[in-house]
Amino acid sequence: MTEEKEQVPHYDVYWQEEPYYYPSPGFVGQANCSDPDIFDRFTLDKFPECFREFADLLHWDKYWHTTFDSSDAPSWKWFVGGKLNACYNCVDRHLAQYRNKTAIHFVPESETARIEHITYQELYRRVNELAAVLRDDIGLKAGDRVTLHLPMTPELPITMLACARLGVIHSEVFAGFSGRACGDRIWDSESAVLITMDSYYFNGERLDHKIKADEAVETAIKQGQRVNKVLIWRRHPGTYSSPTPWVEGRDFFLDEMVRKRKGQLIEPVSMPAEEILFLMYTSGSTGRPKGCQHSIGGYLSYVAWMSRHVQDIHPEDVYWCMADIGWITGHSFIVYGPLALAASTVIFEGVSTYPDAGRPWRVAEELGVNIFHTSPIAIRALRKAGADEPEKYNYQFKHMTTVGEPIEPEVWRWYYHVVGKGRAVVVDTWWQTENGGVLCSTIPGIAPMKPGSTGPGVPGIHPVIFDDAGNEISPEDGKAGNICIRNPWPGSFQTIWKNREGYVKTYYERYCKNPESTDWRDWPYMTGDAALMAPDGYVRILGRIEDVIEVAGHRLGTNEIESGALNVSEVAEAAVVAVIDDDNKGYVPHLYISLRPGVAPSAALEDKISEAIVDGVGEIARPARIILVPDMPKTRSGKLMRRVLASISNYHDVGDVTTLDNPAIVETIRKQVQD
Ligand code: WTA
C-alpha cells in the first residue's frame with residue numbers, strides 16, 4: 001500500500017508565474033464588491049452562518065430556522081425550514097420596479113431576423129400561461145420530473161421557469177445531443193413528459209429536431225419508462241416545420257395550448273428550500289451519465305450571489321453569456337443567476353463563428369452588451385477565425401468571463417487585449433456541473449488578474465490541495481496535487497439522482513477522514529481536477545486527473561505543455577496525449593496541433609513548436625511526434641477530447657464518438673496518424 005503511494009507522489013510543474021493585471025479604477029468604482037475585507041466575513045470559523053448573506057439576496061415566503069444541517073453527511077442541507085419559489089424570485093418580484101425592462105434579448109441565428117426583447121412583464125405573462133398548461137392540461141405537480149430537449153430560444157428559460165413555478169423538477173438535455181442520449185436521461189429521471197421543439201437554426205441550417213423526440217421516446221420505452229406526452233414548441237408559432245410526423249394522442253403543440261390559456265395567472269407554489277429545482281446530467285469520463293441534483297434554496301442563493309459578486313451584474317447591465325442553457329453554465333449564468341438579479345440576459349441561438357467570426361461583436365455592438373461570458377474553446381475559435389474582428393466593432397465590455405477549461409496565458413492575453421480592448425476585467429471562473437456555481441475566481445473589483453490562473457477560492461470556498469496519500473500540499477511547496485474543497489457550500493448538488501453510493505464514492509470517499517462522521521470537516525469534496533496553488537493563493541488548474549500524462553516517470557498536466565505550444569503565434573489549438581513507448585516501457589508525448597487559417601504546415605514550424613515546449617516546460621516534455629490536424633475532436637460543451645486522440649495514437653478503439661461536436665474529424669485524424 002505505502003509502496004503504491006510512493007510511486008506516484010505528485011505532479012511535476014514547470015510553469016513560470018505570470019505577472020498581474022490590475023482592474024481599472026473605473027471598474028472598481030462601480031463594482032458590486034470592492035471591499036477587500038469581504039474575506040474576513042467568510043473565514044472557516046464563520047461557517048456556516050456566513051452563507052446567510054447569500055440567502056438574503058432572495059425573497060423567502062418563510063425564513064429558515066437552520067442554516068446548515070449535516071446529519072445526513074455528505075448530503076448537506078441548507079436553509080432548512082425555509083420556503084420559497086425560484087420563479088417568483090426570478091420574475092414576479094422584479095415587476096414592481098422593472099416591469100418594463102428587458103429580461104431576455106433573444107438573438108435568432110439569422111442576422112436578418114428581428115431581435116426579440118422580452119420585458120419582465122412579458123416573461124411573467126408567458127411563464128404563467130405555460131404554467132397553466134402544465135398544471136391544468138397536463139396534470140403536472142410538484143416533484144414530478146420533466147425532460148426538456150430544447151434549443152437556445154426563449155421557450156427554454158420560459159419552460160424552466162414555468163416548471164419552477166409549479167415545483168416541477170426540470171431536466172434539460174442539450175439540444176445537440178441525440179435522441180438516444182435524451183431517451184437515456186428520460187429513463188434515468190423517470191420523466192413521463194418530454195418538452196421539445198419542432199426545429200431550430202444552427203450554423204446556417206434549419207435542423208429537424210422533432211425526429212429526436214421520437215427516438216428519445218422509443219429509447220426510454222425500451223428501458224421501461226413510458227412517455228405519455230410530448231409537448232412541442234414550434235420555432236415559428238402556428239407553423240409546423242418538421243418533416244417528422246406528429247403522433248396523435250401523444251404529441252401536442254405547446255404554442256397552441258398556451259394561446260388557450262391567455263392571461264391566466266398561476267400562484268407560485270411555495271417550496272421547501274431543500275426540494276429539487278432541477279437535474280443536470282454530466283457525462284464524466286466513464287459509465288452512465290450522472291444526474292446532478294440541485295436544490296431550490298441553496299442553488300438559487302449561490303448563483304445569485306456569484307452573479308452579483310463575480311459577474312458584477314447590476315440590473316442596468318446587458319449581460320451575455322455565450323454558452324448553451326443545456327449546460328450548467330447556462331442554467332446558472334444565463335437563466336437563474338442573472339434573472340434573480342433582474343438583469344437583461346442575452347440568448348443567442350447561433351454559433352459564434354457563423355456566418356463569420358465578427359458575429360459576436362456585432363451582437364455586442366447592437367445590444368450594448370457590457371458583460372461577456374464565454375469559454376476558452378470559443379475564444380480560441382474566434383482568435384483562429386478572426387483575430388482582428390473585435391477592433392472593427394464599437395462595443396465596450398466592462399467585464400469578461402472565461403469558464404470550462406484552463407485558458408492558456410497566450411489566449412488569455414488575446415482575450416484581454418483584443419476582445420476586451422484592454423479595458424475589461426477578466427475573471428477565470430473554475431467550477432463544475434456538480435458545484436452549482438463558481439468555486440475559484442478573482443473578485444474583479446478587489447484582486448488583480450493573473451493569466452492562466454483562476455483566482456483563489458471565492459468567499460466561502462476554502463480549497464486545499466492533497467497529494468495522493470491525503471497530505472496537504474502547502475502553496476510554498478510549489479507542487480501540484482488533487483484539488484478539494486474543505487467545506488460544503490449552498491450551491492453544491494445534493495447527490496447524484498438515485499445514486500447516493502456513486503455520489504459518496506466519486507466525490508468524497510478518497511479523502512473522507514471518517515465515513516461514520518456527520519462533521520463536515522471530515523468530508524472534503526474531491527473535484528477530480530489536478531491543480532497547483534501559488535503562494536498568493538491563486539490556483540492553476542492542470543486539467544482533469546485522468547488527463548494528466550506520465551512521461552518518463554513525471555506526471556505532467558496537459559495544459560502546461562499545450563500552453564507552451566500556444567506561444568507559437570501560428571498555433572490555434574493544441575492537445576497533448578501520452579503514448580505507450582514499447583522500447584522504454586514508459587510513455588512519450590504526442591502533440592496534436594491545429595494551425596491558424598492560412599498558415600502552411602512545415603517541418604520548420606514543427607521544430608519551432610517543439611522548441612517552445614522545451615522552453616516552457618523542459619526537455620522532458622519534448623513531443624515524440626507532432627501531428628498537424630485540420631481540427632480537434634471536441635465535446636458539444638466545448639472540451640478537447642484528449643481521450644480520443646490518445647486512442648488514435650495508441651492504436652486503441654476510439655469508442656463511441658457520435659456525441660462529439662465534429663465526429664467526422666476522428667476518422668480523418670485516424671487515417672493521418674495510422675495509415
Ligand atoms: C474544467 C463547467 C480550468 C475542470 C462549469 C472542471 C476548468 C470541469 C475551468 C467541469 C477553468 C471548468 N479553468 N478548468 N476556469 N472551468 N474547468 O462540469 O476540469 O462542464 O472539473 O462545468 O471543467 O466541467 P463542467
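Two residues count as being in contact here when heavy atoms of theirs come within 4.5 Å. Keep that in mind as we walk through this structure, which is a predicted model.

Let's start with one serine. Ser199 sits in strand β9, a run covering residues 199-202. Leave aside the residues up to four places away in sequence, and Ser199 touches Arg206, Leu207, His209, Arg235 and Ser241. Two of these partners are worth a second look. The side chain of Ser199 makes a polar contact of 3.1 Å with the side chain of Arg206, and another polar contact, at 3.5 Å, links the side chains of Ser199 and Ser241. So is Ser199 buried or exposed? Its relative accessibility is 0%, which is why Ser199 counts as buried; the cut-off for that word is under 20%.

If you'd like to find them, look for Gly179, Ala181, Cys182, Gly183, Arg185, Ile186, Asp188 and Ser189. What lies over the buried residues of α8? The cover includes strands β6 (145-149), β8 (193-197) and β14 (276-282), along with helix α9 (210-222).

The last stop is the ligand. There are 16 residues around the ligand, and those that come nearest are Gly404, Asp428, Thr429, Thr433 and Asp529. Sorted by class, this shell holds six nonpolar, five polar and five charged residues. Some parts of the fold give several members: α12 (328-340), β20 (425-429) and β25 (539-544) each supply at least two residues of the shell.

Next, zoom in on some individual atoms. Thr433 has an N or O atom in its side chain that is 2.6 Å from an oxygen atom of the ligand. Lys639 also reaches an oxygen atom of the ligand, with a polar side-chain atom 3.1 Å away. With Pro406 the backbone is involved: one of its N or O atoms there lies 3.4 Å from a nitrogen atom of the ligand. How much of the ligand's accessible area does the protein cover? On its own the ligand has 530 Å² of accessible area, and the protein covers 90% of that.

Definitions and conventions. Residues numbered from 1 in each chain as written. Predicted model: local features only at pLDDT ≥ 70, side-chain atom pairs only at ≥ 80, totals over all residues. Heavy atoms only, no water. Helix = DSSP H or I, 4+ residues; strand = E, 2+ residues; numbered from the N terminus. Buried < 20%, exposed > 50% of the residue type's maximum accessible area, 1.4 Å probe, protein only. Polar contact = N/O pair within 3.5 Å; in protein donor to acceptor, adjacent residues only side chain to side chain. Near = heavy atom within 4 Å. Areas by Shrake-Rupley, 256 points an atom, 1.4 Å probe, with all protein chains shown as cover. Nonpolar A, V, L, I, M, F, W, Y, C, P; charged D, E, K, R; others polar.
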